[in-house]
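Subject: Structure handover

Hello,

Here is the structure I promised you. Please open it and keep it beside this email as you read.

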Amino acid sequence: MSDEINPPHYKQGDIECITAIKAACSDGYEGYLQGNIIKYIWRYRYKGKAASDLNKAKWYLEELIKQQSE
């Protein structure tokens with residue numbers, strides 16, 4: 001069973017997509033995280049996979065919290 005939060009297609013070689021985005025958008029990374037939180041909260045009731053989208057929003061929120069702690 002694959003990880004629904006970080007499926008294999010999110011990683012190419014040794015680099016995960018989120019890591020590449022962070023490196024490319026160092027000043028805008030927190031905005032990127034916030035936007036994804038909003039996106040998943042916004043549509044979780046409408047895709048038929050509410051728990052999945054809420055878990056994705058949670059992941060982005062936890063990453064944003066980590067950014068504030070650094």
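Below are my notes on it, starting with the overall layout and ending with the charged pairs.

**Ground rules**

This is a predicted model, so to speak of a local feature we need pLDDT of at least 70, and side-chain atom pairs count only at pLDDT 80 or more, while totals for chains, interfaces and linings use all residues. Residues are numbered from 1 along each chain as its sequence is written, and side-chain values use heavy atoms, leaving out hydrogens and water.

**Layout**

The protein chain has three helices and two strands. Along the sequence they follow the pattern β-β-α-α-α. Both kinds of element are DSSP runs, numbered from the N terminus: helices are H or I with at least four residues, strands are E with at least two.

The protein chain has 70 residues, and 24% of them count as buried. Buried means under 20% relative accessible area, exposed means over 50%, and partly exposed is in between (1.4 Å probe, protein chains only). The chain exposes about 5,300 Å². Carbon and sulfur atoms supply 55% of that area. Accessible areas come from the Shrake-Rupley method with a 1.4 Å probe; for residues, only the protein chains shown count as cover.

Now contacts, which means heavy atoms within 4.5 Å. Take those between residues at least 6 apart in sequence: 53% join residues at least 24 apart.

**Helix α3**

Helix α3 covers residues 50-69. It has 20 residues and reaches 29 Å from its first C-alpha to its last. That is close to the 28 Å expected at 1.5 Å a residue. The expected span is 1.5 Å times one less than the number of residues.

Which residues of α3 are buried? They are S52, D53, K56, A57, Y60, E63, L64 and Q67. They cover an arc of only 140° around the axis, which puts them on the same side of α3. The arc is taken from the directions from the helix axis to the C-beta atoms. The face turned away from this buried side carries the exposed residues A51, Q68 and S69.

**Aromatic pairs**

Rings of Phe, Tyr and Trp (its six-membered ring) pair if their centres lie within 6.5 Å; planes under 30 degrees apart count as stacked, over 60 as edge-to-face and the rest as tilted. By this rule there are four aromatic pairs. One of them joins Y29 and Y32: the ring centres are 6.3 Å apart and the planes are at 20°, so the pair is stacked. Y29 and Y32 are three residues apart in helix α2 (residues 29-43), about one helical turn. An α-helix has 3.6 residues a turn, so residues three or four places apart point the same way. Is Y29 buried or exposed? Y29 is buried, at 3% relative accessible area. Y32 is partly exposed, at 26%.

W59 and Y60 also pair, edge-to-face, with 5.1 Å between centres and 85° between planes. W59 is partly exposed at 24%. Y60 is buried at 12%. Y29, Y32, Y40, W59 and Y60 form one aromatic cluster.

I41 lies in helix α2. It is partly exposed, at 42% relative accessibility. I41 and L54 are 13 residues apart in sequence and 6.4 Å apart in space, C-alpha to C-alpha. Leaving out residues up to four places away in sequence, I41 touches L54 and A57.

**Salt bridges**

A salt bridge is a side-chain nitrogen of Lys or Arg within 4 Å of a carboxyl oxygen of Asp or Glu. How many salt bridges are found in the whole structure? The search finds two.

R43 and D53 form a salt bridge, at 4.0 Å from N to O. R43 lies in helix α2 and D53 in helix α3, so the pair ties together parts that are ten residues apart in sequence. R43 is partly exposed at 29%. D53 is buried at 0%.

E63 forms a salt bridge with K66, and their closest N and O atoms are 3.3 Å apart. These two residues are three apart in helix α3, about one helical turn. E63 is buried at 9%. K66 is partly exposed at 48%. E63 also touches Y29 and L33, again leaving out residues up to four places away in sequence.

Best wishes
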